[in-house]
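Please read them beside the coordinates.

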Amino acid sequence: MDSSLEFSRQKEDLVRTPSHVQQLSKKTTQVCRDLEDVGNLLLFRQDELTQKISAPKNGGASSLHWCSDGTIYVCGDNGPYIHLLNSHGKSTQTFHCCDDTLFLPDGITVTRFNAVAVTDIAEGTVRIYSPNSHPPWIKIGGNFKSPKGIAVDSSGRMLVAEYTSGEVQVFHVDRTYRIHGVKKVSGLQGPQYICSMPEGGFAVSEECGDVKLFTSNFKFSGSLSKTYHHEFGNPTGICSDSEGNILVADAQNRNITLFPPSGSPICIVSQGLSKPTGITCTPFGLLYVADSGDNCIKVYKYRAKPFYAPTSPRRSGEAPS
């Protein structure tokens, strides 16, 4: 009798054990997430404005690109110009946007050959600046309809977001400005801005929607809203840093949120913005924001210290955990 009772107790213990293990696993996972969140809050700063740069009068500021030599390329919808600013925010050079006619650049990047490339959604063209050509702006080939966002990935391919058709075109441009190996990613809704990831792949912001992530093989790998349970208003400018963090400007909510490879999102700029559009960040922990509503460029320190690790924890093809 006693042995049968003991056997029944052992069976009950065995039945209860999986539930105990599950509860312990959930608690351990939550503790790890809490520790990651605490670590991120210590690493990233919030609302630390360090500089305010007035946008050039004949150009404005809606799109930005930071180069490793410290210069910043700025363009806007207030005039057919692109301005180069130094680290102190002073204009050092100006490009006049004119070939056969004047045009207003929408997006801006720099190619692997250090040439400035811009999109023109009104004319449906992509141009590259070549100072030795006449005119200096060269229209590259390709079937473009409404190019808006533009970037260059780690392999030197150009990424162009097509707003009305909901596509991203990926291709190489050679020194003679011919394009090769065109690939398309479709199924997007009003793609606006685009940025490359440090280890391949890219991220695209959709107007009044989401931010979608793709691998270097053009496969969809997830969206920030579903992965992080985050609700966007109107995501506009996006950029990524060497650590694999993705930063997104939201024009409707007037803020900028950082999405780390692990842990919860952090709103690094929650006040003082009118209409943030283009953004770009540096390895030194600075974030440049084109505030087109305030017609200026605002510089924030978003990291407590610069990032020095040679590799990124956010792997190509993996959705952030």
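1. Strands here are DSSP runs of E, at least two residues long, and helices are runs of H or I, at least four long. The model is predicted. On that basis, residues 230-262 are 0% helix and 48% strand. The end C-alpha atoms of this stretch lie 14 Å apart.

2. The stretch is also annotated. Over residues 273-303, the chain is 0% helix and 58% strand. Its end C-alpha atoms are 19 Å apart.

3. Which strands make up the open sheet with the order 18-19-20-21? There are 4 strands in that sheet, and their pairing is antiparallel. Strand 18 (235-240) and strand 21 (266-269) each have a single partner strand, so one side of each has no neighbour in the sheet. From one strand to the next, the twist averages 30 degrees.

4. Strand 18 meets strand 19 (residues 246-250) in the antiparallel sense, over 4 bridges. Within strand 19, L247 is the bridge partner of C239.

5. Another open sheet has 4 strands in the order 1-24-23-22, paired antiparallel. Strand 1 (49-54) and strand 22 (276-281) are its edge strands, and each pairs on one side only. Here the twist averages 20 degrees from one strand to the next.

6. What is the bridge partner of I53 in strand 24? It is I297. Strand 1 and strand 24 (residues 296-301) pair in the antiparallel sense, with 5 bridges between them.

Conventions:
Residues are numbered from 1 along each chain as its sequence is written. This is a predicted model: local features need pLDDT of at least 70, side-chain atom pairs count only at pLDDT 80 or more; totals for chains, interfaces and linings use all residues. Side-chain values use heavy atoms; hydrogens and water are left out. Two strands pair if DSSP finds at least two bridges between them. Axes are lines fitted to C-alpha atoms, for helices over the stretch in contact, and angles run from 0 to 180 degrees between N-to-C directions.
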